[in-house]
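Subject: Structure handover

Hi,

Here is the structure I promised to pass on. Please have it open while you read the notes.

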Amino acid sequence: MKKKLNLTGVILCAGKGTRIKKMPFSQPKTLLEILGLPIIYYQLRYLKNNGIKKVLIVVGKNKNDIVKKIKIMPNLNIDIKFIQDLKPQGIASSLYKIKRYIKGPILVFLGDIFLREVRLQKMIKKFNNPNCSCVLAAITEKNTNKLKKNFTIQLGKNSLVEKVVEKPKKPKTHIKGVGIYLFSQNIFSAISKTSINLNHNGELGITEVIQNLIDTGNKVLTSLCVKEDVNINEPLDFWDTNFRLLKKIKRKNFISKNVLIGKNVSLINSIIGPNVKIGSNSTIKNSIIFSDVELKEKTYLIQSIKTNEGLIKIK
């Protein structure tokens, strides 16, 4: 068995940051708020709760937005270092930026995916298998369309990962990767070997690199350690995620800290982010209010998402 792992956490947020269509939100997807807290906060909390004390966050041109938000996040107490990648060329390319800071295994999150009920200890236990170079967090996915939009994991003898396929046209398995990876330092040599084979977009994807690990004889395993993963690509994804969680915690409303609510305000089935101000004689129903928004008196919102950049109604 391996000794106790000295893991470094890594969160990759340097992507080109394609905006969610029609969503009045120009910041990185990792700052989208789920029950009043950014996606990246949940990832940092998973890392902290599993004893990881050092985290490297790879950021792009939106570095200032992410740094500013993390500085005001509650109860983290983690050593966080930001590494900038101003010209991202794919997940593996951004990951290679951290090589000189790493002396042991790394636990990597893709920063734009919201994950629920992540049991990282299951991954870590798998990684303790002799000569294991990689563990892929996964979920059993019955929806074929979702399989086609992600990468699938095919198993061979002894439950070893035999093949990973990015966005398969005809999925041959129901095991889907969810954007969490536990790597030994072998990943960096695999990135170097694979970098000559950039895809048609001129990017180096992580699936190609993982396949290189497999093809060069490295032991790659998978762990079904996640309850749910959500890649938010449109306002309805964001909407559904928030309200499913509100229902799960059995609350009529979710009101974050430091919210100022005026007189005669009616809040019905709504999610209010931190530092929001709601003027008197207002009605907020079936709506999501992002942090730091100030609503005037007599505001009337139904079935809406409100940010400091605008408003969108969900039909």
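The notes below cover a cavity, a sheet and a helix.

This is a predicted model: local features need pLDDT of at least 70, side-chain atom pairs count only at pLDDT 80 or more, and totals for chains, interfaces and linings use all residues. Residues are numbered from 1 along each chain as its sequence is written, and side-chain values use heavy atoms, without hydrogens and water.

(A cavity is a set of points on a 1 Å grid over the protein atoms alone where a 1.4 Å probe fits but cannot get out; lining residues have an atom within 4 Å of a point. Volume is the space filled by probe spheres set on the points, which are joined across faces, edges and corners.) Its lining includes Glu 33, Gly 36 and Phe 290. β17 (271–272) and β20 (288–289) each supply at least two lining residues. (Strands are DSSP E runs of at least two residues, helices H or I runs of at least four, numbered from the N terminus.)

Sheet. β17 and β20 also sit in an open, mixed sheet, ordered β14-β17-β20-β23-β24. (Strands pair if DSSP finds at least two bridges between them.) β14 (254–255) and β24 (310–313) are at the edges with a single partner strand each, so one side of each lacks a neighbour in the sheet. β20 runs parallel to β23 (304–307), joined by 2 bridges. Ile 288 stands opposite Ile 305.

Helix. In α4 (120–127), Leu 120, Met 123, Ile 124 and Phe 127 are buried (under 20% relative accessible area, 1.4 Å probe, protein chains only). They fall within an arc of 95° seen down the axis, so they line one face of the helix. (The arc is that of the directions from the helix axis to the C-beta atoms.)

Best wishes

Note on methods. 1 Å grid on protein atoms, 1.4 Å probe; cavity = no way out; pocket = protein on both sides within 12 Å on 5 of 7 lines; lining within 4 Å. Buried < 20%, exposed > 50% of the residue type's maximum accessible area, 1.4 Å probe, protein only.
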